[in-house]
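Dear colleague,

I am handing over the structure below, and after it you will find my notes on what was found. Please read them with the model open beside you.

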Amino acid sequence: MDYSKISFKGYIPSYKKYFELIKEDKTINNYITFTEYDSSLIFYESNFCGICKIIDFDEDENKEIHIALLDEYRNQGLASYIVATLSNNIFASNIHCQYAVLSIDKDNTPSIKMANKSGFKLNEELTKANLEYGDFKTLYFTKNNPYYQSLHNNL
């Protein structure tokens with residue numbers, strides 16, 4: 001796959017059809033909601049292939065990445081490339097973000113492999129904390145920001 005052919009686009013009204021495609025895919029929308037206001041569309045060449053968004057994970061400026069690809073674009077390395085690119089962009093633009101997060105269903109083996117390939121590691125502390133809330137299906141993976149500078153160190 002030629003990664004130079006990947007592009008990200010914000011919402012415009014003519015893209016509404018792509019959000020409808022995502023809403024129809026139960027493997028995607030059972031876990032996360034993508035809206036026109038908080039998501040970017042992913043294209044390979046000129047073909048719609050998925051959607052992503054970055055949200056605040058906690059009050060410490062850490063970010064969570066959500067990505068969903070249409071079935072025909074899965075298992076080709078595209079998600080690994082996109083997640084690595086998004087996390088690197090987060091880190092380069094925010095030295096106060098200590099880590100980026102991926103939350104993955106424990107039965108989603110391809111996504112777990114993608115997380116590891118993209119430099120993310122299972123975060124047992126976050127996963128265990130989530131168990132206390134009754135979520136026994138989600139694993140948390142984190143990737144540390146190599147540029148991280150704590151706000152507390154600068155006081």
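Strands β2 and β3 form a hairpin with two residues between them, and in that turn Glu 45 has a positive phi of about 60°. Helices and strands here are DSSP runs numbered from the N terminus, with helices being H or I of at least four residues and strands being E of at least two; two strands are said to pair if DSSP finds at least two bridges between them. Before going further, please bear in mind that this is a predicted model, in which local features need pLDDT of at least 70 and side-chain atom pairs count only at pLDDT 80 or more, while totals for chains, interfaces and linings use all residues. Residues are numbered from 1 along each chain as its sequence is written, and side-chain values use heavy atoms, with hydrogens and water left out.

The sheet

Seven strands form an open sheet of mixed pairing, in the order β1-β2-β3-β4-β5-β7-β6. Its edge strands are β1 (6-9) and β6 (121-122), each of which pairs on one side only. Strand β1 pairs with β2 in the antiparallel sense over four bridges, and Ile 6 has Tyr 44 in β2 as its bridge partner. Tyr 44 also has a bridge partner in β3, namely Asn 47, and the antiparallel pairing of β2 with β3 extends over five bridges.

Strands β3 and β4 run antiparallel and are joined by seven bridges, with Glu 64 of β4 as the bridge partner of Ile 55. These two strands form a hairpin as well, with six residues between them. Glu 61 is located in the loop between β3 and β4, and its phi is near 70°, a positive value in a residue other than glycine. With 29% relative accessibility, Glu 61 counts as partly exposed, where buried means under 20% relative accessible area, exposed means over 50% and partly exposed lies in between (1.4 Å probe, protein chains only).

Strand β6 runs antiparallel to β7 and is joined to it by two bridges, with Lys 121 opposite Thr 142 in β7. Strand β7 is largely enclosed by the rest of the structure, because six of its seven residues are buried.

The nonpolar core

A nonpolar core is taken as a set of buried Ala, Val, Leu, Ile, Met, Phe, Trp, Tyr and Cys residues joined through side-chain atoms within 4.5 Å. The largest one has 38 residues, of which Leu 41, Ile 65, Leu 102, Phe 120 and Phe 141 touch the most other members. The elements giving two or more residues to this core are α1 (16-24), β2 (40-44), β3 (47-56), β4, α3, β5, α4 and β7, and its largest share, seven residues, comes from α3. If residues up to four places away in sequence are not counted, the contacts of Leu 41 include Tyr 15, Tyr 18, Phe 19, Phe 48 and Ile 51, a contact being heavy atoms within 4.5 Å.

The largest pocket

The largest pocket has a volume of about 950 Å³. Of the 33 residues that line this pocket, Ile 67, Ile 104, Asn 108, Ser 111 and Met 114 are the closest to its centre. On a 1 Å grid over the protein atoms alone, a pocket is an open set of points where a 1.4 Å probe fits, with protein on both sides within 12 Å along at least five of seven lines, and lining residues have an atom within 4 Å of a point; grid points are joined across faces, edges and corners, and the volume is the space filled by probe spheres set on the points. Among the elements that give two or more residues to the lining are α2 (26-29), α3 (78-93) and α4 (109-117), while β4 gives the most, with six residues.

Two further residues

Asn 75 lies in the loop between β4 and α3 and has a positive phi of about 60° although it is not a glycine; at 70% relative accessibility, Asn 75 counts as exposed. Pro 110 is found in helix α4 and is partly exposed, with a relative accessible area of 45%. The C-alpha atoms of Pro 110 and Arg 74 are separated by 8.8 Å, although these residues are 36 residues apart along the chain.

With best regards
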